[in-house]
Amino acid sequence: MSKSVEMMKKLALCSALVVVGAGHALAETPAPARDGGFGLGRTALPEEIAAWDIDIRPDGLGLPVGSGDVYTGEELYIDNCAACHGDFGEAVGRWPVLAGGRGTLDGEDPHKTIGSYWPYLSTVWDYVHRAMPYGGAQSLSNDDVYAITAYLMYLNDMVDDDFELSNENFLEVAMPNEAAFLMDDRATTELTAFAAEPCMENCRDSVAITARATVLSVTPETEGAAATPAAVVETATAPAPAAAPEPVASAGPDPELVAAGEALFRQCASCHQIGDGANNRTGPMLNNTFGAPVGSHDGFRYSPAFVAARDAGMVWDEASLTAFLQDPRGTIAGNRMAFRGLRSPEEAAAMIAYLRATGGEAP
Amino acid sequence: MTDTPRQTPSRRQFLAGAAVATGAAATGKLVHAQVAGPDPKITELQPWMQYLGDGVDAKPYGFPSKHEANVVRRTVPWLTADAVSSINFTPLHELEGIITPNGLCFERHHSGVADIPWADHRLMINGLVDNPMVFTMDDLMRFPRENRTYFLECAANTGMEWRGAQLNGVQFTHGMIHNVVYTGVPLRLLLQEAGVRTTGTWLLAEGADASGMTRSIPMEKALDDCLVATHMNGERLRAEQGYPVRLVVPGWEGNMWVKWLRRIEVGDMAWHHREETSKYTDLLANGVARRFTWEMDAKSVITNPSPQAPITHGPGPTVLSGVAWSGRGTIPRVDVTIDGGITWHQARMSGPSLDKSMHRFYYEFDWDGRPLLLQSRAHDSTGYVQPTKDQLRVVRGFNSIYHNNSIQTWAVNEAGEAENVEIG
């Protein structure tokens, strides 16, 4: 008895709160500050700030002491950058183009490169240093970054091949397109123009379709998106009979291991292809690899580190692949593969099983 | 299911039929569909009615029904060089209301998803401050926090549509957006703790991922409404949304909402880093580019029907649904046309109308089975009206990539199938 009375009271209270809440949804007190602060956190140490404060500004703030020339930059660029950006900054696939494009910005097909578009050289230094090479961020020394930046200037016809960039002459560089940027001006060019009360009735005489997306046919398939909800319901009626376990062939690869390797290979597929029709991309194609010498695919430009390993007689076998897949940079020091490595011997075993099952075995 | 008529007669036919058969139209009664035989889903005992289902804890963290397996983020592989520095899209056509479920919030990474333990993360504030500071996540949880619902839209959302109608699905044309409830510490409280010097007019927000994502943000915005957020929709951030902590920059382009936020530097000028020079600047037809185009203009789109969500029920009562948002305020009004803009109707707004948050609108009509040209047009609380694509092109040209907030057109044919089109 008393329980139900309690409950009714609670319900009454709840509905009262709902009514009040609905009327005051936006009247909210902001989180309060406290005079003198909260005393939370701690003072950052100078060496901690030095470790993290790596940003560079157009006025040179943050630029470290150092230098690098175009020749050194070319070597570093070929080893660290060319696999994605191309030998001359022309780019491979859809990776960013870094050079050329001057005079195209007001055309039909503008090419926005470092030389044609970027307003400040400090942006190049900062970005190469903080984020490149892709998958190996902050692995370049300050001098390396000066050298690569000098080479990128050279690729963009900004300097001759004997140029050396340093913190001393950095601020003398003016980028060709610096003046072609303006602050957001939508307040004057758009906001007032797009604020008129629009027409609601008899707004036009006729309408015709002038462009269709289906003509282009560039949309990914979204299978079963809306077509057959009925079929999904049908499958719920009868439980499938338990499948008889398949006898495991003694010589063949363990299908579970291969499947696990296939899942892991997604980490590799942006650079490597395997199986029918595989080609060299950012990384070499991987057919006929297991049992073959390291670095032996025709047409792929291997790093000097890989060439040296091949010349030393290194062969891809269970042991070498297990080591390499878990620690690519430690196993073949100086190679260009931007991957930190698989996490366990089990993952390496699965990857090797997948490689061998899908064309990776050398004849 | 097979006994259910797929093509139900239109409401008008119902009325006519009713008038002839019974004269009931005069009383306002409708005649509903009749079937030849009983529905076995009703007359036959279904397994879920008879057998026990999973107990509690079968899934300690729950998932959507397995019958909703189609409702997923999707990518457009040709857009980017690889899947690590790439983007996928929220399935807007599968969603209702205004909140995006955490697992469906679109992803944009520049060097993949950083995997950072809560206990290992640090947030540093340095630069033009009296006390450079380091905070742990546990420190952050001791500051007063707020709950706010905001949309996050990538500046490149709809960027593939400048030259013409290209991608055939609202997920792909408009799915670089999500709308969630954030829980976070106002950035101003952290800046006050460090003591910003009077010369501090800008700050640089930096992520801890392998791209070291950086963006310059004016101090005025930082002190106004930015949050340092730890939670989305009640739970800690998803890894792909910046776990353990991200910046929330309400109404401004998504790239500025730095994920895995590790450092805030206070300075006296902008940094002009890669994501605010090479990218996220808007190239105009004359070769000049706008920079620091932070605010997201008012925008709306019809999510249903749309190419991925055709009309499957035939003529008769039809629910048109869509979403609208503005980086400058709320959306008091959305207009809808079903005839390509000859006649417009005010849509019905439904659900919370919150500042810089997604809004839901509906327009119910009786489809007569003839082709439709659907458009929606958002009005925001500043009086701004969403422009047509041609209006925007006059100002911006075809190559600005970012900030395409123009009116979207879907053509629906007699079969109810929808297509992304442009009209003239």
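**Close-ups of a two-chain predicted model**

In strand E9 of chain B, B:Ile217 is the bridge partner of B:Leu203. That pair is a handy place to start looking around this model, which is a predicted one.

View 1. E9(B) spans 214–218 and is an edge strand of its sheet, pairing on one side only. In a regular strand, side chains alternate between the two faces of the sheet.

**View 2. A six-stranded sheet that takes in both chains.** Step back from E9(B) and you get an open sheet of 6 strands with mixed pairing. Reading across, the order is E1(A)-E5(B)-E4(B)-E13(B)-E8(B)-E9(B). So what sits at the edges? Which strands pair on one side only? They are strand E1 (42–43) of chain A and strand E9 (214–218) of chain B.

**View 3. Strand E4 of chain B and its two neighbours.** On one side, E4(B) runs antiparallel to E5(B), with 4 bridges joining them. A hairpin of 5 residues links E4(B) to E5(B). To find your place in this pairing, look for B:Leu123, which stands opposite B:Phe135 in E5(B). The other neighbour is E13(B), which pairs with E4(B) in the parallel sense, again over 4 bridges. Here the landmark is B:Asn126, opposite B:Glu265 in E13(B). Is E4(B) largely enclosed or left open? E4(B) is largely enclosed by the rest of the structure, because 5 of its 6 residues are buried.

**View 4. Helix H6 of chain B and what covers it.** H6(B) is another well-wrapped element: 6 of its 8 residues are buried, so the rest of the structure largely encloses it. The buried ones are B:Leu187, B:Leu189, B:Leu190, B:Leu191, B:Glu193 and B:Ala194. Note that B:Glu193 is in that buried group along with the leucines. An α-helix has 3.6 residues a turn, so residues three or four places apart point the same way. What covers the buried residues of H6(B)? The cover includes E4, E5, strand E7 (177–186), helix H7 (219–224) and strand E10 (227–232), which belong to chain B. Just after the helix comes B:Gly195, whose phi is positive, at about 80 degrees.

View 5. E4(A) meets E15(B) in the parallel sense over 3 bridges. Look for A:Phe181, whose bridge partner in E15(B) is B:Ala289. E15(B), residues 289–291, is also joined to E14(B) by 2 bridges, and that pair runs antiparallel. Within that pairing, B:Asp282 has B:Arg290 as its bridge partner in E15(B).

**View 6. Where chain B touches chain A.** How many residues does each chain bring to the contact? Chain B brings 91 residues and chain A brings 77. Several elements of chain B each supply at least two residues to this side, among them E4, E5, helix H6 (187–194), strand E13 (261–267) and E15. Strand E22 (372–379), helix H8 (389–396) and strand E24 (418–423) of chain B are also on that list. E24(B) gives the most, with 5 residues. By class, this side of chain B has 43 nonpolar, 32 polar and 16 charged residues.

View 7. Chain A has 14 helices and 5 strands, and of its 363 residues, 27% count as buried. Among its contacts with a separation of 6 or more, 57% link residues 24 or more positions apart. The domain assignment gives domain 1 (67–180) and domain 2 (255–359). Their centres, taken over C-alpha atoms, are 30 Å apart. Where the two touch, domain 1 puts in 9 residues and domain 2 puts in 5. On the domain 1 side, helix H3 (70–80) and helix H4 (82–85) of chain A are the elements giving two or more residues. That side has 5 nonpolar, 3 polar and 1 charged residues.

Technical notes:
Residues numbered from 1 in each chain as written. Chains lettered and ligands numbered in written order. Predicted model: local features only at pLDDT ≥ 70, side-chain atom pairs only at ≥ 80, totals over all residues. Pairing = 2+ DSSP bridges. Contact = placed C-beta atoms within 7 Å. Nonpolar A, V, L, I, M, F, W, Y, C, P; charged D, E, K, R; others polar. Buried ≥ 20, exposed ≤ 12 C-beta atoms within 10 Å, placed from the backbone. Domains from an automatic or database assignment.
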